Amino acid sequence: MHGVLTDIQDHFGIRDDQGGLLQTAFVLSYMICAPIFGYLGDRYSRRWIMALGVALWSATTLLGSFMDQYGWFLTFRALVGIGEASYSTIAPTIISDLFISDIRSKMLAFFYFAIPVGSGLGYIIGSETAKLMGSWKWALRVTPILGAVAVVLIWLFKEPQRGQSEGSHNLVVTSYREDLKDIVKNPSFMLSTAGFTCVSFVAGALAWWGPTFMHFGIQLQPGNEDVSLSSVAYRFGIVAMLAGLIGVPLGSFLAQRLRPRDPMCDPKICAAGLLVSAPFVYLALVVAKYSSNWTFILVFFAMISLNLCWSIVADILLVRRS
């Protein structure tokens, strides 16, 4: 959807603020529902919850592509956030129950590198499908096919026992109030969550507005007035995919290599990634109207720096050390 945002705005006749509201609605529903699915995932079948969530995710994406009124399209965009919250909240806990120590770190890196890589592929497939079919709506109609495959794969796997990798088979379910009290008293969790909120904000802003901003910037360059958004989104998708392929495994690799020397290396790597990404993002905004190649290069390094954090933060929150 990110790669066809301008087409969506033209179709509904909406401004940038209303275009941004589409992502805000998604984030708000995701934010509200993620804790709910976390609660349910501790008490009921995680496989069922994930399968139903991905099915909802796919169905609402498909139905949204048939909406011709902005209000209904916005509603279905919010429903997509509910479906995504179910899967992304619960899946890491299953990985945690299957693996331990450095193996867990590697598996989390493998899981989280799929996020930026999948986003990059989304730009490429979405923009090219829309271009091929002559309508931005077809960019949204690819997702349900992949979602159906995901539901089948989720249904085929056997769910591990909670706490299996740690040898804890008799876990006691506590109340939600007790869970919240324990979380608030955990400074590592609270600070990691606050930091990762910043990562998600920057990554989300780049993903949502990056292609559009770069498109406007490139059009200001002499001789590039007729460049299409789909071509910019295609290149942006390749950059995002490569940055994910490099950044997420690199962060996990650095953490595993440095932990024997520095037990506090995990948060330091995340902090360094955020600090390094800031000047790259700023410079990309500045040079967009002068050089498209340099803009893509700067965005590439900014995304690599941001992607260092994905698997490490999950590892911290899931208590890597057994």
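Student: How many residue pairs are in polar contact between domain 1 and domain 2?
Tutor: One residue pair, with both residues at pLDDT 80 or more. A polar contact is a pair of N or O atoms within 3.5 Å; within protein, one must be able to donate a hydrogen and the other to accept it, and residues adjacent in sequence count only if both atoms are side-chain atoms. This is a predicted model, where local features need pLDDT of at least 70, side-chain atom pairs count only at pLDDT 80 or more, and totals for chains, interfaces and linings use all residues. Residues are numbered from 1 along each chain as its sequence is written, and side-chain values use heavy atoms, with hydrogens and water left out.

Student: Which elements give two or more residues to the side of domain 1 that touches domain 2?
Tutor: Helices H1 (5-12), H2 (16-41) and H4 (70-98). H2 gives the most, with five residues. Helices are DSSP runs (H or I, at least four residues), strands likewise (E, at least two), numbered from the N terminus.

Student: Where do the domains run?
Tutor: Domain 1 is 1-100 + 134-161, and domain 2 is 181-321. Those bounds come from an automatic or database domain assignment. Over C-alpha atoms, the two centres are 21 Å apart. Domain 1 puts 14 residues into the contact and domain 2 puts in seven residues. Contact means heavy atoms within 4.5 Å.

Student: How much area do domain 1 and domain 2 bury between them?
Tutor: About 1,000 Å², with 71% of it on carbon and sulfur atoms. That is the accessible area (1.4 Å probe) that two parts lose on being put together, summed over both.

Student: New topic. How many residues are in the largest nonpolar core?
Tutor: It has 51 residues. Those with the most contacts inside the core are Tyr112, Phe236, Phe296, Val299 and Met303. Helix H11 (residues 229-258) gives the most to this core, with eight residues. A nonpolar core is a set of buried Ala, Val, Leu, Ile, Met, Phe, Trp, Tyr and Cys residues joined through side-chain atoms within 4.5 Å. Buried means under 20% relative accessible area, exposed over 50%, partly exposed in between (1.4 Å probe, protein chains only).

Student: Why does this core lie between domain 1 and domain 2?
Tutor: Because both domains give residues to it.

Student: What is Met303 in contact with?
Tutor: Leaving aside its neighbours within four places in sequence, Met303 is in contact with Leu206, Phe236, Val239, Ala240 and Ala243. There is also a second, separate core of 17 residues, including Val4 and Trp208.

Student: Is Arg46 buried or exposed?
Tutor: Buried, at 2% relative accessibility. Arg46 lies in helix H3 (residues 46-64). A polar atom of the Arg46 side chain lies 3.0 Å from the backbone oxygen of Pro160.

Student: And Gln256, buried or exposed?
Tutor: Buried as well, with a relative accessible area of 17%. Gln256 is in helix H11. The side chains of Gln256 and Ser252 make a polar contact of 2.8 Å. Beyond neighbours within four places in sequence, Gln256 is in contact with Asp102, Ser105 and Lys106.
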